[in-house]
Amino acid sequence: MKSLYFTLAKDNILKNKRIYFPYIFSITFLVAVFYIINSLSYNESFFNTIGGQTIVQFLIFGSYVIMIFSFVFVFYSNSFMIKSRRKELGLYNILGLEKRHVILVVFIEFIYISIFSLIIGLCLGIFLEKLAFLVLLSMLDADVPLGFDLSLKSLALTAILYFGLLFLAFIYNAFSIRHYTAVNLLKSENVGEKEPKARMLLALVGFILLGFGYGIAISVKEPLSAIALFFVAVILVIIGTYMLFVVGVTAILKLLKNNKPYYYKTTHFISVSMLLYRMKKNAVGLANICILSTMVLVMISSTSALWFYTRDIVNNLQPNDVNITINNVLLEEVETADTIVDQYLSKADYFAYNEMEQPVEYIDSENIAISEYMAQSYLAHFITLDTYNYFTGQNINLNDNEIIIANELGLNFSENINILGNNYDVVKNDNEYVEGLHLSPSISEGEIQVVVKDDEVLNSIFGSFDRYYGINEYDGDVEAFDNIVNEFIATLSDSSIISMSTKAELNDLMVSLYAGLFFLGIFLSIVFIMAMILIIYYKQIQEGSEDQKRFEIMKKVGLTNDDIKKTIKSQVWIVFFLPLIVAIVHMLFAYNILNELLTLASMIGNFHYLPTFVISIAIFIIFYAIIYKVTSKIYYRLVTI
């Protein structure tokens with residue numbers, strides 16, 4: 001008797017391979033991906049790599065995302081499978097098997113699926129983990145360690161997690177079988193849906209939520225505001241998307257139905273009627289596809305933008321190879337600091353200048369005041385005339401009460417202006433910044449450069465200032481920099497803050513940061529795309545199975561195979577491309593807020609997000625079209641059997 005149950009379980013999987021095999025493949029893939037990311041996060045080699053700990057944090061975050069996603073995905077797929085097999089399970093009851101026997105068969109199926117997906121998934125993960133590790137090291141430009149690491153902790157965690165998820169899915173199936181009677185199971189496939197109502201109030205609420213979400217996205221002007229408002233906009237758009245697909249698509253189909261010249265054509269009549277009567281099931285699936293598509297586009301376009309522009313980001317943040325900075329230096333200590341530097345570096349090896357940064361509020365063309373809120377201010381860089389002339393190659397003279405203002409923001413300044421309580425005459429308005437200066441990462445609305453006569457004027461405004469020593473292409477002993485810093489610390493007053501930064505260190509930090517984001521973005525995008533493909537596939541399988549008998553009846557009354565093809569094509573173009581169109585609309589409205597977030601992440605005031613934004617959408621459109629081309633053929637084969 002026991003062998004009968006094992007035979008039934010095996011035959012069920014093989015006979016329903018069209019449903020089971022994609023499910024098993026997806027679980028196997030998730031097992032492999034989770035093991036890879038989890039194993040990499042435990043890889044000790046990363047802790048010996050510059051920036052490796054940053055990547056580990058991203059990987060840990062990614063493992064949590066995949067864990068949550070796996071829970072949702074397993075139960076979504078399992079729910080579809082158990083619904084598709086209700087008639088078969090009901091037939092077992094009719095043939096004499098008790099519910100406990102049917103549950104036993106389902107339990108053996110669970111064992112088969114668990115063993116296969118875990119063994120193959122873990123083997124695949126172990127094999128690909130080394131490849132993923134090498135790719136990450138290549139992105140970090142790090143040395144490849146010898147040997148092969150096998151993370152037993154990751155193996156155990158992955159096996160426990162996915163065995164537990166599959167077991168929970170089995171428990172759900174067991175309760176479903178106990179809940180339904182044999183008659184319910186046999187008739188469940190024939191239960192149709194009533195034509196849904198086009199609830200305009202709900203549609204209006206959906207439009208309002210989308211409008212608010214879009215409004216937030218396009219109105220954000222500061223990077224800091226983008227962080228707080230991004231998640232609000234995302235929640236509003238997600239809720240609005242589900243509401244619009246549930247009632248909005250129904251409204252569109254009803255409009256098409258009321259359009260007599262369009263509706264009373266063979267292919268349109270059939271496709272619109274079929275879609276309209278099962279729109280309740282279609283709507284949620286289409287909304288899921290739309291949300292997943294948007295998530296993939298956001299992740300790929302943003303993480304790839306940061307990765308490909310890493311060099312520009314580093315050059316913008318640190319134009320010099322080495323910077324030694326004294327914050328809050330006193331005017332009388334500048335000469336002492338220069339003497340220390342001259343002991344280790346020649347004048348030709350470095351340049352030095354004084355500067356002070358201050359968040360300011362642009363009140364009007366005649367008044368600039370100190371601002372207490374960085375996100376709502378401009379960052380003013382106060383420099384001296386000597387510095388300005390040195391970097392611009394000019395020879396301009398200024399009096400004590402005269403200044404030059406440089407900005408690329410389009411701000412207007414009067415000839416007489418009050419800055420931080422002091423009155424000045426503006427002798428020149430520059431539309432371009434002085435290049436080559438050390439600029440601190442700014443999350444303000446923009447930057448202004450104010451040029452004053454000399455150090456005395458700069459000191460009179462702030463009481464102290466910052467002194468920068470920039471070194472480029474230095475061929476001498478690098479220990480000189482450490483010696484300079486140590487002497488600064490020992491000699492200058494306690495109020496001074498000494499720091500040193502190098503372009504090489506910043507490059508390593510940024511590469512590790514953006515490589516981790518890009519790597520995780522690729523992995524999560526692949527997982528979400530896989531889920532999207534499976535949703536589309538199951539959707540086509542389910543609808544193809546339901547429509548098979550309907551098309552058989554229609555063929556008996558004169559519908560040709562060519563008409564069926566046209567009907568399928570019409571059905572695809574009416575609804576199936578709506579998720580793609582809506583996802584692209586979401587992305588267009590999200591461009592501004594995403595650009596602000598990337599500005600904050602990159603600390604570049606004018607971030608180049610548009611190229612990767614456009615390329616990502618273009619590639620995804622092609623990929624999406626291929627998916628539907630393949631799945632529509634599956635649907636066609638089902639309805640023409």
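Start by selecting Ile404: opposite it stands Lys428, in strand S7. Before you go on, note that this is a predicted model, where local features need pLDDT of at least 70, side-chain atom pairs count only at pLDDT 80 or more, and totals for chains, interfaces and linings use all residues. Numbering runs from 1 along each chain as its sequence is written, and side-chain values use heavy atoms, with hydrogens and water left out.

Now colour the strands, which are DSSP runs of E, at least two residues, numbered from the N terminus (helices are H or I, at least four). Pick S7, residues 422–430: five bridges join S5 to it, and the two run parallel. Pairing here takes at least two DSSP bridges between strands.

Next, select S5, residues 402–407. Six of its six residues are buried, so the strand is largely enclosed by the rest of the structure. Buried means under 20% relative accessible area, exposed over 50%, partly exposed in between (1.4 Å probe, protein chains only). Check both faces of S5: Glu402, Ile404 and Ala406 cover one side, while Ile403, Ile405 and Asn407 are on the other, all buried.

Now hop over to helix H8, residues 200–219, and click Val205. At 33% relative accessibility, Val205 counts as partly exposed.

Finally, zoom out. The protein has 21 helices and ten strands, and buried residues make up 52% of its 641 residues. Of the contacts between residues at least 6 apart in sequence, 83% join residues at least 24 apart; a contact is heavy atoms within 4.5 Å.
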